[in-house]
Amino acid sequence: MSMEQKTVVVTGANSGMGLATTVELAKQGAHVIMVCRSESRGQAALQEAIRRSGSQAIVLMLCDLGDLASIRRFAEAFKARYPVLDVLVNNAGVVMLKRKLTRDGFEMDIGVNHLGHFLLTNLLLDRLTAAEQGRIVVVASGAYKAGSIHFDDPFLSRSFNPIKAYAQSKLANVMFANELARRL
């Protein structure tokens with residue numbers, strides 16, 4: 001698929017794979033919306049992405065994937081500006097060494113890495129299905145192989161372990177991607 005004039009959302013776009021993805025897609029002619037939690041880090045990354053890609057077709061929008069209200073605000077703002085979303089790259093992720101909760105009370109790894117993207121994807125599905133060939137990219141890692149979904153304690157309130165938490169969130173990513181592929 002040619003990326004020329006395509007609208008792309010990249011979460012966690014202020015560093016690492018998210019920033020590299022933003023730069024490469026912008027070089028290919030995509031209009032990229034960088035989704036970042038921090039305005040200051042996002043602005044710095046935006047300037048770097050523009051410099052590295054040579055493209056002015058990159059914008060920053062704020063969203064905290066650990067806050068359901070923030071995700072809803074982002075989706076509303078995005079929909080007010082863009083009738084179509086060609087590609088959603090669910091890239092943002094965290095690895096917590098100590099158990100921490102999202103604003104809504106979810107364990108942070110599963111909350112940000114999976115539940116935040118789950119809500120975001122569902123809120124943007126109408127824009128994705130309006131695209132000629134809408135695509136959803138779910139970034140996971142090989143850690144999913146060590147993961148289990150802990151249905152009896154999904155937020156690991158009784159037995160938190162950083163590897164267990166991260167692996168569960170990455171397995172949830174893979175399961176979500178498989179189910180999206182089946183349904184869509």
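Predicted model: local features only at pLDDT ≥ 70, side-chain atom pairs only at ≥ 80, totals over all residues.
**View 1. Helices H4 and H5 pack side by side, with their axes 7 Å apart.** H4 covers residues 108–129 and H5 covers residues 162–183. The angle between them is about 20 degrees, and angles under 35 degrees count as roughly parallel, so that is what we call H4 and H5. On the H4 side, look for Asp-109, Ile-110, Asn-113, His-114, His-117, Phe-118, Thr-121 and Asn-122. The H5 residues they meet include Ala-165, Tyr-166, Lys-170, Phe-176 and Leu-180. Sorted by class, this contact has 7 nonpolar, 8 polar and 2 charged residues.

**View 2. The largest pocket holds about 330 Å³ of space.** There are 20 residues in the lining, and those closest to the centre of the pocket are Gly-12, Asn-14, Arg-37, Ala-92 and Gly-93. H1 gives the largest share, with 3 residues.

**View 3. Phe-106 and Phe-155 form a tilted aromatic pair.** The model has 4 aromatic pairs by count. In the one shown here, the rings sit 5.2 Å centre to centre, with 45 degrees between the planes. What parts of the chain does the pair link? Phe-106 is in the loop between strand E4 (87–90) and H4, while Phe-155 is in the loop between strand E5 (135–138) and H5. These are distant parts of the chain, with the two residues 49 residues apart.

How values were computed. Residues numbered from 1 in each chain as written. Heavy atoms only, no water. Axes fitted to C-alpha atoms, helices over the stretch in contact; angles between N-to-C directions. Helix = DSSP H or I, 4+ residues; strand = E, 2+ residues; numbered from the N terminus. Parallel < 35°, antiparallel > 145°, perpendicular 65-115°, else oblique. Contact = heavy atoms within 4.5 Å. Nonpolar A, V, L, I, M, F, W, Y, C, P; charged D, E, K, R; others polar. 1 Å grid on protein atoms, 1.4 Å probe; cavity = no way out; pocket = protein on both sides within 12 Å on 5 of 7 lines; lining within 4 Å. Points joined across faces, edges and corners; volume = space filled by probe spheres on them. Phe/Tyr/Trp six-rings, centres within 6.5 Å; stacked < 30°, edge-to-face > 60°.
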